[in-house]
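Welcome, and please open the model in your viewer. Let's take a short walk together, one selection at a time.

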Amino acid sequence: MEKILNYINGELVEPTNGNYLDNYNPSNGEVYSLIPDSEKQDIDNAVAAAKEAFKSWSKTTKQERSEILMKLADSIDKYSEELIKAESKDNGKPETLAAHVDIPRASSNIRFFAGAILHDSSEMHEMDGIAINYTLRNPLGVAACISPWNLPLYLLTWKIAPALATGNTVVAKPSEVTPMTAYLLSKICIEAGFPKGVLNIVHGLGSKTGDPLTTHPDTPIVSFTGGTVTGKHIATVTAPMFKKLSLELGGKNPNIIFADADFDKAVSTAARAAFTNQGQICLCGSRIFVQEEIYEKFKIALVAKTSNLKVGDPKDISSDLGAVVSKGHMEKILSKIEQAKQLGGKILIGGKREIFEGELKDGYYLQPTIIEGLPFDCDINQEEIFGPVVTIIPFKTEQEVIEMANSTKYGLSASIFTENISKGHRVAANIDAGVVWINTWLLRDLRIPFGGMKQSGIGREGGFKSLQFFTEPKNVCVKI
Ligand code: NDP
């Protein structure tokens, strides 16, 4: 069986304790590879390699770093077919989704930051002929980059690219649930002649490798994407060390449909926002608020649209939804559906595990599920489920929907559907969310600052904000 290895100081190495964990294929429930069960010693080795490499990497010119990163992006494209298959096999998502979203976006993340570093500028403030103040921006050292399982290579590259472009070196820890694309990336780095120690990837459980990485005295900067509970823990353990910290956490995103919306567009986008990647995108619209006048009509149309979605083999190009990421996650989602029923929720469609015959019989498939009749402030409408399960809730007025939308502890994203542009802007301004879409979903210019409000995170990554996050500003004042 294939053994995934850690990537430390430019080499693929076994975990120091020699222990491995099983890696499951969610589409059939089989173990198909082994993952290093790394520990503190592996993290220490990776940080030491990254610290040593920082001495030379931080001295390279922006042009040199840009060229090396561009070459890496080209290599990702070269191996895109292998990466697409690996991403789907590790995560359960349809290969078509990995081919359209995850893998192309991984190389475009790297290209974006490789280009951005060449066009970055720093601030200058002139004091009426007395002095000029300018800001130097220097890399900090070794960046700890921790990423989740839902968009494994996409979110890993979103962090490592700006960290490396600005002259930091990196120790990355991908989710242990989906390690394969990060492992392939390390092989690609070796083939592309990526400088030793600049990027290191350590695989293993968050519980064993997370703390040693985030609390290591030589990782002054921590960029984390994952759940709010883990984010809270990282904030707690890193705060006394005054590390630079970015947290991109969970969401319970409202999708608000006004009566004057373009009906067909709102229905199809609501279905896409609910069920893409089996509902396992932090930006999924999991609470659908529909204005009373069109509630019944919208509900019927959304259920009809959902009934046309095909759950099936991730390898089959006609599958709209594949498997959810793990058995444990599937069971958690099913328990949330049970809880919704006990709270009085009515299942409009779905609600069960999808069982197939033959090869897929032990896969973790769930039916796309829509629930109505739950109060906006019940647990199901307040906590992230992170699966193909959404609720639909009627509302009367603009004010009422703003209050319901803002009632959760999260504030990641929101969508608003209306043909009244003033109303769209007005509601967008009043929703607690780091990203608000009007008449669309998941459309984003990589230059915008991205991140959440409230318990959806702190800091903003994306575009030049990421270049700022991964550098330390130093102000110099020169007397004229
Ligand atoms: P987790 O918080 O469980 O894990 C995220 C990463 O943190 C994993 O690599 C995990 O390792 C690691 N980790 C676990 N414990 C620690 C620790 N003590 N110290 C450091 N790292 C640790 O999230 P999931 O992987 O389950 O991802 C899903 C979550 O991510 C959802 O809540 C989703 O909303 C959120 N998310 C947010 C996004 C955003 O941009 N705001 C984007 C995408 C997802 P391991 O897996 O080995 O335990």
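Predicted model: local features only at pLDDT ≥ 70, side-chain atom pairs only at ≥ 80, totals over all residues.

**Stop 1: the ligand.** You will find the ligand in the largest pocket.

**Stop 2: the shell.** Now select the residues around the ligand: there are 30 of them, and the closest are G227, T230, L249, C282 and E384.

Stop 3: Show S147 next, where a polar backbone atom is 2.9 Å from an oxygen atom of the ligand. Move on to G206, which also places a polar backbone atom 2.9 Å from a ligand oxygen. At S175, a polar atom of the side chain lies 3.0 Å from an oxygen atom of the ligand. As for cover, the ligand taken alone exposes 900 Å², and the protein buries 87% of that.

**Stop 4: helices and strand.** Select α7 (206-214), β11 (221-225) and α8 (228-238); each supplies at least two residues of the shell.

**Stop 5: the domains.** Finally, colour domain 1 (2-249 + 456-479) and domain 2 (253-445) separately. Which domains supply the shell around the ligand? Domain 1 and domain 2 each give at least three residues.

Key:
Residues numbered from 1 in each chain as written. Heavy atoms only, no water. Near = heavy atom within 4 Å. Polar contact = N/O pair within 3.5 Å; in protein donor to acceptor, adjacent residues only side chain to side chain. Areas by Shrake-Rupley, 256 points an atom, 1.4 Å probe, with all protein chains shown as cover. 1 Å grid on protein atoms, 1.4 Å probe; cavity = no way out; pocket = protein on both sides within 12 Å on 5 of 7 lines; lining within 4 Å. Sits in = over half its atoms within 2 Å of the grid points. Helix = DSSP H or I, 4+ residues; strand = E, 2+ residues; numbered from the N terminus. Domains from an automatic or database assignment.
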